[in-house]
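Please keep the sequence at hand while reading.

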Amino acid sequence: MGEDDPFDSVLSIRDRLPLRWWVAEPPGDEGMARINEANESLLRVCASLDDAAPHPVEEAGELSHELQRIESKLNVLVEMVGSLLHSQAQLPPAVSMRIASTGLAWESRDRVPPGTGLQLHWYLCPHFPRPLELFARSCADPEEGITARFEGLSPQVEDGIQKMVFRRHRRSIAQSRARRGTD
C-alpha cells in the first residue's frame, strides 16, 4: 500500500461492525484530550465486557460459589441494559472492515482522496452501543472502500485498541481450532 499503510507491521483482524463517518478535521488539543478520555473509558468498559465470560474457579467453597452467582446476575443486568440501549440507539449499518491499532479500512461506495480528514463513530462493543469517536486521515486510494490512519490518539487509546485486536484475534484462532476439532 505504501508508507502510510496503517496495517504495515501490526496485527490486524477482520470484522463486521457499525461505523458512521464523515469528512472532518480533528479538534484542537483540548477537544482531543476530552475525546481521548471518553474513548479510554469506553475501551475499559468493552474490555471488561469482553472478559465477562464465566471463568472456571479452581478453589471450591462458599465464597467462590457466591461470586459466580453475583457475576451471573451482573451479566444478566449488562445484557438487559445493552438491549435497552440498542432499542434507543440509532446504530449505523455494520460494514466489513479491517482493524489495527493504527487504522481502519472499510467497505464503502464513497471515495475520498488520500489525505482527507475523517471523523469516525465506531461501535466496536456489541453489548454497549456507544461509539469510539476517532479522527483519521485517508491514506490510500484502494479499489474498494476507504483506508484511514488514526490521528490524535492518546497512547492509552491506541493501546486499548491494540489489546482489543489481540483479544479478538486470539478468540478467532481458538474458535477456528475448536471447529477443526469437531470436524
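## Ser101

Ser101 sits in the loop between strand 2 (94–100) and strand 3 (103–106). Helices (H or I, at least four residues) and strands (E, at least two) are DSSP runs, numbered from the N terminus. Ser101 counts as buried because its relative accessibility is 5%. Buried means under 20% relative accessible area, exposed means over 50%, and partly exposed lies in between (1.4 Å probe, protein chains only).

Neighbours within four places in sequence aside, Ser101 is in contact with Phe150, Leu153, Glu158, Ile161, Gln162 and Val165. Contact means heavy atoms within 4.5 Å.

## Basis of the values

This is a predicted model, in which local features need pLDDT of at least 70 and side-chain atom pairs count only at pLDDT 80 or more, while totals for chains, interfaces and linings use all residues. Residues are numbered from 1 along each chain as its sequence is written, and side-chain values use heavy atoms, with hydrogens and water left out.

## The barrel

Six strands form a closed barrel in the order 1-2-3-6-5-4, with antiparallel pairing. On average, neighbouring strands of this sheet are turned by 45° against each other, direction ignored. Axes are lines fitted to C-alpha atoms, for helices over the stretch in contact, and angles run from 0 to 180 degrees between N-to-C directions. Helix 1 packs on the sheet and touches strand 5 (132–138) and strand 6 (146–151). The direction of helix 1 makes about 120° with that of strand 5.

Two strands pair if DSSP finds at least two bridges between them. Strand 1 (residues 12–23) and strand 2 run antiparallel and are joined by seven bridges; Ser12 stands opposite Ala100 in strand 2. Strand 3 and strand 6 are antiparallel too, with four bridges, and here Ala105 faces Thr147 in strand 6. Four bridges also link strand 5 and strand 6 in the antiparallel sense, where Arg137 stands opposite Arg149 in strand 6.

## Asn39 in helix 1

Asn39 belongs to helix 1 (residues 29–50). Is Asn39 buried or exposed? Asn39 has 2% relative accessibility, so it counts as buried. Apart from neighbours within four places in sequence, Asn39 is in contact with Pro131, Leu132, Glu133, Leu134 and Val157.

## A charge over a ring

Arg98 lies over the face of Phe7, at 4.2 Å from the ring centre. A charge sits over a ring if NZ of Lys or CZ of Arg is within 6 Å of the ring centre and within 35 degrees of the ring normal.
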